Amino acid sequence: MQLESMPALAGLLVGTMVGVTGVGGGSLMTPILVMLFGIAPTTAVGTDLLYASITKMFGVGVHHGHGTVDWQVVRRLALGSLPAAALTLAWMHFSEASRIKDGFIISMVATMLIITALGMLTKDWLHGLGRKLRVGNADQFKHLQPVLTVLGGVVLGVMVTLTSIGAGALGTVMLVYLYPLRLNAAKLVGTDLAHAIPLALIAGLGHLALGNVNWTLLLNLLIGSVPGVLIGSVISTRAPLAFIRYAIAVVLGAVAVKLLLT
């Protein structure tokens, strides 16, 4: 296989995972770019953010057509995440944090991968806990839902801007706890994808302004990812996702260990 086709193949595989599960954009692609293609971590983060925002647009079109996007939840998340992303980018610009040593970025990425893997492995437990609280103390839980969703968006905005990781994996973990009855598996994926688009786009454009985007690499990734995410989005409306989720969590944990040891 020619070297030029490798980014497109990576885009196809990751795009399919994004479409099926709503996760894998940053958590899989950023380590792939760093470990397999030797891309500088800051460039990997910036390129991946724009790649993710474009790729997920196609997936959301499929989910919207199936009625599996809860736009009210998307708005609540965005109310916290978009300002947080903008403020994080401003901090990076004015403090020159964009020039921070790549070793720090690698450590941040590895840490986020571990948190993401743990979140995916405990997703069912968190869903059960959320369901218990929702049923046992419905009025208070529903009263706190909007505020907690916005605060969750703030956390995602900061983490995604710094590492490109979290919009999908951590987003779904938060939502499965906060909306245990309202969001089924398909709506969980569709809603998380819809929120990830503006977040990744704003963060990606900010990294573009900081010079952290490789356009040639971005185009090669998109060649594979666009058909991949369309295929994955169709599969997600029909397939059980538990096995895929656990497999991704194990892979993320292994990648995190590899990054920390290099």
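Trainee: Which helices each supply at least two residues of the nonpolar patch, and which of them gives the largest share?

Mentor: In this predicted model, local features need pLDDT of at least 70 and side-chain atom pairs count only at pLDDT 80 or more, while totals for chains, interfaces and linings use all residues. Residues are numbered from 1 along each chain as its sequence is written, and side-chain values use heavy atoms, with hydrogens and water left out. Helices (DSSP runs of H or I, at least four residues, numbered from the N terminus) α5 (102–121) and α11 (242–261) each supply at least two residues of the patch. The largest share, 3 residues, comes from α5.

Trainee: How are α7 and α8 oriented to each other?

Mentor: The axes (lines fitted to C-alpha atoms over the stretch in contact, with angles from 0 to 180 degrees between N-to-C directions) of α7 (residues 138–163) and α8 (residues 169–178) come within 10 Å and cross at roughly 170°. Because angles over 145 degrees count as roughly antiparallel and those under 35 as roughly parallel, with 65 to 115 roughly perpendicular and the rest oblique, α7 and α8 are roughly antiparallel.

Trainee: And how is α6 oriented to α8?

Mentor: The axes of α6 (residues 123–136) and α8 come within 7 Å and cross at roughly 30°. That crossing therefore makes α6, relative to α8, roughly parallel.

Trainee: Which residues of α8 make the contact with α6?

Mentor: Contact here means heavy atoms within 4.5 Å. From α6 come K123, L126, H127, L129, G130 and L133. Their partners on α8 are T172, V173, V176 and Y177.
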